[in-house]
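Good morning, colleagues. I would like to take a few minutes to discuss the charged side chains of the protein now on the screen.

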Amino acid sequence: MSITNQNIEELITLCKENNQKAQFEVYNRYCKAMYNVAYRIVKDEHFAQDVMQEGFLKAFTKINDYKQEVAFGAWLKKIIVNYSIDFYKKNNAFQVEDLSKTLYKIEENDSFFSENIDLNSLKVKQVLDTISGLKDNYRMVLTLFYIEGYDQEEISEILNISYANCRTTLSRAKESLRKKLEEIGNQR
């Protein structure tokens, strides 16, 4: 059976034996998705490529730690996300607001979009562009929450912030995004 026809579990076993053809096949299967994950966080094509490749290297060196408790793609994605965030923090003076020093109110009403926004006329690209134009900490939590699918507890671990800080930042980010999307909708 050729390497391209093997399932991911077989490829992982071969990767654990340092089989380079298997590593190359795994890379080919996941590189586009992992590049997109890295790009959404680091916001630069070249850096995203570097981060993705470094993430794969780290994954292959730690492949024996993969115990198949989660899907391989999810395990790999977590490595890429963490590596991307570390890279971004080092290179962009990323500062998470210290909300413990700020009075804040969390809205329990999670109806994200108001009636004023015509969702059907907003294009996905406009929403993604709007998210990428937000403050770094807002962009980061919205990307992790809506695009990468992490829950608030996971985001607080990834960003190394308290759960309350994460929840507040996410609430404020949603509100900021909602306002910007309303502005776009009103410009038509």
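I shall speak about salt bridges first, and then about a charged patch. Please bear in mind that this is a predicted model.

The count of salt bridges comes to seven. One of them joins glutamate 148 to lysine 77, with an N to O distance of 3.1 Å. This pair links distant parts of the chain, 71 residues apart: lysine 77 belongs to helix H4, residues 72-92, while glutamate 148 sits in the loop between helices H6 and H7. Is glutamate 148 buried or exposed? With a relative accessibility of 7%, glutamate 148 counts as buried.

Let us turn to helix H6. Here aspartate 136 and arginine 139 are three residues apart, about one turn of the helix, and they form a salt bridge whose closest N and O atoms are 3.9 Å apart. Arginine 139 is buried, at 1% relative accessible area, whereas aspartate 136 is partly exposed, at 26%.

In helix H8, glutamate 175 and lysine 179 are four residues apart, and their side chains meet in a salt bridge of 4.0 Å. Glutamate 175 is partly exposed, at 32% relative accessibility, as is lysine 179, at 45%. Salt bridges with shared partners join Glu175, Arg178, Lys179 and Glu182 into one network. Within that group, the side chains of glutamate 182 and arginine 178 also make a polar contact of 2.7 Å. Glutamate 182 counts as buried because its relative accessibility is 15%, under the 20% limit.

Finally, the patch. Asp151, Glu153, Glu154 and Glu157 form a surface patch of negative charge. Among them, glutamate 154 lies in helix H7, residues 152-159, and is partly exposed at 34%.

Terms used
Residues numbered from 1 in each chain as written. Predicted model: local features only at pLDDT ≥ 70, side-chain atom pairs only at ≥ 80, totals over all residues. Heavy atoms only, no water. Patch = residues over 30% accessible without salt bridge, like charges linked within 9 Å, V, L, I, M, F, W, Y side chains within 5 Å. Areas by Shrake-Rupley, 256 points an atom, 1.4 Å probe, with all protein chains shown as cover. Lys, Arg positive; Asp, Glu negative; His and termini not counted. Charge placed at Lys NZ, Arg CZ, Asp CG, Glu CD. Helix = DSSP H or I, 4+ residues; strand = E, 2+ residues; numbered from the N terminus. Buried < 20%, exposed > 50% of the residue type's maximum accessible area, 1.4 Å probe, protein only. Polar contact = N/O pair within 3.5 Å; in protein donor to acceptor, adjacent residues only side chain to side chain.
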